[in-house]
Amino acid sequence: MNTRTHPRLIGAFALGAIALVLVAVVLLSSEDWFVHRDRFAVYFPGSVKGLNRGAQVTFRGIKVGEVVDVQAFLTGLEDPLIQIETVIEISTAAIDAPPGVPRAFAEDASSEEFSRWLIARGVRARMMSSSVVTGQRYVDLDFMP
């Protein structure tokens, strides 16, 4: 029994298998690729030590986003000379309304309108400690007086 294997067939099979593995890795590692997210800049007074990229952004304990960037920049002012900007991404789909209950803000509201609506109602960001041992922090959003 002398059957000859075709090298192109083996190569096509190997490429197909690699493509399937890559697609599986991407699909299993992604959280919400098609969810609309809005970016906001948050400024904290003092040190942001322990707040890193990828840290959670929560609203009363529910994950609604993550920290995208933390960077310091010169303001050009005397006080504060250097400001630390924390850029967060929030998924608006995390806030849901049951059937029959109208949303308090428009579905097609811009990021600016959405943020003004939240700030006007007292939503504020604060840094919280997620682990005393490691010193890691996260951003928590809540209604403040």
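Because the model is predicted, local features need pLDDT of at least 70 and side-chain atom pairs count only at pLDDT 80 or more, whereas totals for chains, interfaces and linings use all residues. Residues are numbered from 1 along each chain as its sequence is written, and side-chain values use heavy atoms, with hydrogens and water left out.

**Salt bridges**

Side chains of opposite charge can pair when their charged atoms come close. The structure holds five salt bridges, a salt bridge being a side-chain nitrogen of Lys or Arg within 4 Å of a carboxyl oxygen of Asp or Glu.

| Pair | N to O distance |
|---|---|
| R53 and D69 | 3.0 Å |
| R60 and D142 | 2.7 Å |
| R116 and E112 | 2.8 Å |

The salt bridge between R53 and D69 links distant parts of the chain, with R53 in the loop between strand 1 (37–43) and strand 2 (56–59) and D69 in strand 3 (residues 62–74), 16 residues apart. Helices (H or I, at least four residues) and strands (E, at least two) are DSSP runs, numbered from the N terminus. R53 is exposed at 62% relative accessibility, whereas D69 is buried at 17%; buried means under 20% relative accessible area, exposed over 50%, and partly exposed in between, for a 1.4 Å probe and protein chains only.

R60 forms a salt bridge with D142, and this pair also links distant parts of the chain, since R60 lies in the loop between strand 2 and strand 3 while D142 belongs to strand 6 (residues 137–143), 82 residues apart. R60 is exposed, with 54% relative accessibility, and D142 is buried, with 14%.

The salt bridge of R116 and E112 lies within helix 2 (residues 111–120), where the two residues are four apart and therefore separated by about one helical turn. R116 counts as exposed at 56% relative accessibility, and E112 as partly exposed at 48%.

**The two sides of helix 2**

Which residues of helix 2 are buried? They are F114, S115, W117 and L118, and because they cover an arc of only 160 degrees around the axis, they sit on the same side of helix 2; the arc is that of the directions from the helix axis to the C-beta atoms. R116 and A120 are exposed on the other side of helix 2. The cover over the buried residues of helix 2 includes strand 1 and strand 5 (123–129). After helix 2 comes G122, whose phi is positive, near 100 degrees.

**Strand 4 and its partners**

Strand 4 (residues 82–91) is mostly covered, with eight of its 10 residues buried. Strand 4 pairs with strand 1 in the antiparallel sense over seven bridges, and with strand 3, also in the antiparallel sense, over nine bridges; two strands pair if DSSP finds at least two bridges between them. S91 in strand 4 is the bridge partner of R37, while V87 in strand 4 is the bridge partner of D69, the residue that also forms a salt bridge with R53.

**A nonpolar patch**

L15, I18 and L22 form a nonpolar patch on the surface, with about 330 Å² of accessible area together. L15 is found in helix 1 (residues 7–29) and is exposed, with a relative accessible area of 61%. Patches are made of residues with over 30% relative accessible area and no salt bridge, like charges being joined within 9 Å and nonpolar side chains (Val, Leu, Ile, Met, Phe, Trp, Tyr) within 5 Å.

How values were computed: Accessible areas come from the Shrake-Rupley method with a 1.4 Å probe; for residues, only the protein chains shown count as cover. Contact means heavy atoms within 4.5 Å.
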